Amino acid sequence: GLKVTNQRIMVLKALSESPGQHLTTEEIYVLVKKESPEIGLATVYRTTQVLLDLELIDKINLDDGFVRYEISQSGQEGTHHHHHLICLECGKVYSFEDDLLEKLENRIQDTMSFNVVDHEVKLFGYCKECNKNKKRN
């Protein structure tokens, strides 16, 4: 029931053209400002909140002190749960898809009658490049 506005389209476009980047509001603002210099940071903050409420984008906490966003995958047919690998050395974030916890969720439903509707997995470690550097040193 909400209007389709240029600001909403630009924020969605910035996120969709940055797959796997997990952008902060400020990073979205920088991208949107290139196309629309008159836009304000407060507008981008309000727009991300509206898109979040509409479940068009997802909020991600990668334990780095920033709130990040990405295009929502929920409800899309054929999508898997989306998880994150976070390198403790360089800070890069890698996304991976797998239904690792589906069996566990089904078992919880069967044994405890608890309906899990979502889960989030964050695995912390060292990426391939940082592992190579550690071995060299």
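A: Start with lysine 122, which is partly exposed at 25% relative accessible area (buried is under 20%, exposed over 50%, partly exposed in between, using a 1.4 Å probe and protein chains only). Bear in mind that this is a predicted model, where local features need pLDDT of at least 70, side-chain atom pairs count only at pLDDT 80 or more, and totals for chains, interfaces and linings use all residues. Numbering runs from 1 along each chain as its sequence is written, and side-chain values use heavy atoms, leaving out hydrogens and water.

Lysine 122 pairs up with aspartate 63 in a salt bridge, 3.3 Å from N to O (the rule: a side-chain nitrogen of Lys or Arg within 4 Å of a carboxyl oxygen of Asp or Glu). Aspartate 63 sits in the loop between E2 and E3 while lysine 122 is in strand E6 (residues 122-125), so the pair ties together parts 59 residues apart in sequence. Helices (H or I, at least four residues) and strands (E, at least two) are DSSP runs, numbered from the N terminus. Aspartate 63 also has a positive phi of about 60°, though it isn't a glycine.

By that rule there are 4 salt bridges. One of them joins glutamate 27 to arginine 68, with the closest N and O atoms 3.8 Å apart. That links helix H2 (residues 25-35) to strand E3, 41 residues apart. Glutamate 27 is partly exposed at 34%, but arginine 68 is buried at 13%. Arginine 68 also bridges to aspartate 64, at 2.7 Å between the closest N and O atoms.
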